[in-house]
There are 2 protein chains.
Amino acid sequence: MVDIRNNNREMLPEPTLRRLPWYLAYISMLYSQNVEYVSSTQLSKALNIDSSQIAKDFSFLNIKGKTRIGYEVKVLERMLEDFLGFKKGHNAVMIGVGSLGAALIQDMGLSRYGLNIVAGFDINPNIVGTSICGIPIYDMSELKMRRPLLNAEIGIIAVPVDQAQLVADASVESGIKALWNFTPSRIKYSDNIVVQNTSIYSHLAVIYNRLDSQNKN
Amino acid sequence: MVDIRNNNREMLPEPTLRRLPWYLAYISMLYSQNVEYVSSTQLSKALNIDSSQIAKDFSFLNIKGKTRIGYEVKVLERMLEDFLGFKKGHNAVMIGVGSLGAALIQDMGLSRYGLNIVAGFDINPNIVGTSICGIPIYDMSELKMRRPLLNAEIGIIAVPVDQAQLVADASVESGIKALWNFTPSRIKYSDNIVVQNTSIYSHLAVIYNRLDSQNKN
């Protein structure tokens, strides 16, 4: 198998990257059902994504289907899994161990996707020094000292909105390379920092608005 | 104050809707700091959004700034809050009370954004009949019977990926009007159902890939 990781990773567009886990989820399901081949038409129908888009996304990973047969499910699953790195461990620290932070630490599902939350950091004296599911919670002031020992490159930000930029800056200063932002705050950052915003509240805004519109009709 | 909800809600584009909670978060912070006015330049700088985009987004809500002074923080906060409905309660049921589902039930932060999770549904006999933070967990087969009494229009989907479509269909059949999908599965649905996908795993895919690229350079 060609090492797709070296060839194409640099140029992979973000929308393609975001779709890959959807493909993997569906392909894994097919694999568990002992399905051997899947066509792009079938994928397109199941995932509601244009089949030409699917072929294009796969071509970024050098994955090619066979005429009339389609893609081999077993190979496709392994290639997507290898590429996405969900089987590889990635250490992360939780910045802010309030309600959401604690919930995310308890969500064992994340570790199935390669995310190991190895410590939490907070300023609340009632939380600092305790642990959640075996994950120690340290004082925020210790982040810079502890981060290298924890070998964590990912910082998950779940603090109150007015603290978001502050802790983001502190995280970057401590050596964090990627920020996963769960606050509704837009974090400013330099180009060499990876930032992903999971805007839970934005999704709620859309749901409420669309529901309201429907209820009026 | 004009009732903006009736005038413009129907035509509000989704990207605008998604940005509104970001504005609200920042405006609320300014309000708590006793700031009286904010200019679109200031907002643009703080949120990293083009100032013309901000003006356009606000115009959908009939919010107009004053020349040279900008927007009145107090009024802006109230208008955004009213519009977004975060102060209004919206009942929701959790479909799938595994690791993530249980974590979301425990996340009290969601209720601050108007989301009341009133019950959970699962098929696991070890969970059914118990409760989490006072929220009862029922058998999935009871969804259709219980949904109207729970007065819930929102279904939060946090089941294994191969169950996602199945429980989505059952939810819609029970009278659920909006699906908030936390699985990596793409759910198929009819036009009158509101669906929002919170692709946690897609964000992880982007983070891992970009980190890997950086570490190679």
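Mentor: Let's start with a backbone detail: just after H3(A), Asn48(A) takes a positive phi of about 60°. Helices here (H or I, at least four residues) and strands (E, at least two) are DSSP runs, numbered from the N terminus.

Trainee: Before we go on, what sort of model is this, and how are things numbered?

Mentor: This is a predicted model, where local features need pLDDT of at least 70, side-chain atom pairs count only at pLDDT 80 or more, and totals for chains, interfaces and linings use all residues. Residues are numbered from 1 along each chain as its sequence is written, chains are lettered from A and ligands numbered from 1 in the order in which they are written, and side-chain values use heavy atoms, with hydrogens and water left out.

Trainee: OK, back to H3(A). Which residues of that helix are buried?

Mentor: Leu43(A), Ser44(A), Ala46(A) and Leu47(A), in a helix that covers residues 40-47. Buried means under 20% relative accessible area, exposed over 50%, partly exposed in between (1.4 Å probe, protein chains only).

Trainee: And what covers them?

Mentor: The cover includes helix H2 (14-32), strand E1 (37-38), helix H4 (51-60) and strand E2 (71-72), which belong to chain A.

Trainee: Switching to the two chains. How many residues of each are in contact?

Mentor: 68 residues of chain A are in contact with 68 residues of chain B, contact being heavy atoms within 4.5 Å. About 6,600 Å² is buried between chain A and chain B, and carbon and sulfur atoms give 60% of that. Buried area is the accessible area (1.4 Å probe) that two parts lose on being put together, summed over both.

Trainee: How many salt bridges cross over?

Mentor: The rule finds 2 across the interface of chain A and chain B. It asks for a side-chain nitrogen of Lys or Arg within 4 Å of a carboxyl oxygen of Asp or Glu. Lys88(A) and Asp212(B) meet that way, at 3.5 Å, N to O.

Trainee: Which element gives chain A's side the largest share?

Mentor: Helix H10 (residues 200-216) of chain A, with 17 residues.

Trainee: Does Val194(A) sit in a helix or a strand, and what touches it?

Mentor: Val194(A) lies in strand E9 (residues 194-197) of chain A. Its 6% relative accessibility is why Val194(A) counts as buried. Leaving out residues up to four places away in sequence, Val194(A) touches Lys177(A), Ala178(A) and Leu179(A), along with Ile207(B), Arg210(B), Leu211(B) and Gln214(B) from chain B.

Trainee: What's the strand order in chain B's sheet?

Mentor: E5-E6-E4-E3-E7-E8-E9, an open sheet of 7 strands with mixed pairing. Strands E5 (131-132) and E9 (194-197) of chain B are at the edges with a single partner strand each, so one side of each has no neighbour in the sheet. Two strands pair if DSSP finds at least two bridges between them.

Trainee: What joins E5(B) to its partner?

Mentor: 2 bridges to strand E6 (residues 135-139) of chain B, running antiparallel. Ser131(B) has Pro136(B) as its bridge partner in E6(B).

Trainee: And is E3(B) enclosed or open?

Mentor: Strand E3 (residues 90-95) of chain B is largely enclosed by the rest of the structure, because 5 of its 6 residues are buried. E3(B) runs parallel to strand E4 (residues 115-122) of chain B, with 6 bridges, and parallel to strand E7 (residues 154-157) of chain B, with 4 bridges. Met94(B) stands opposite Ile156(B) in E7(B).
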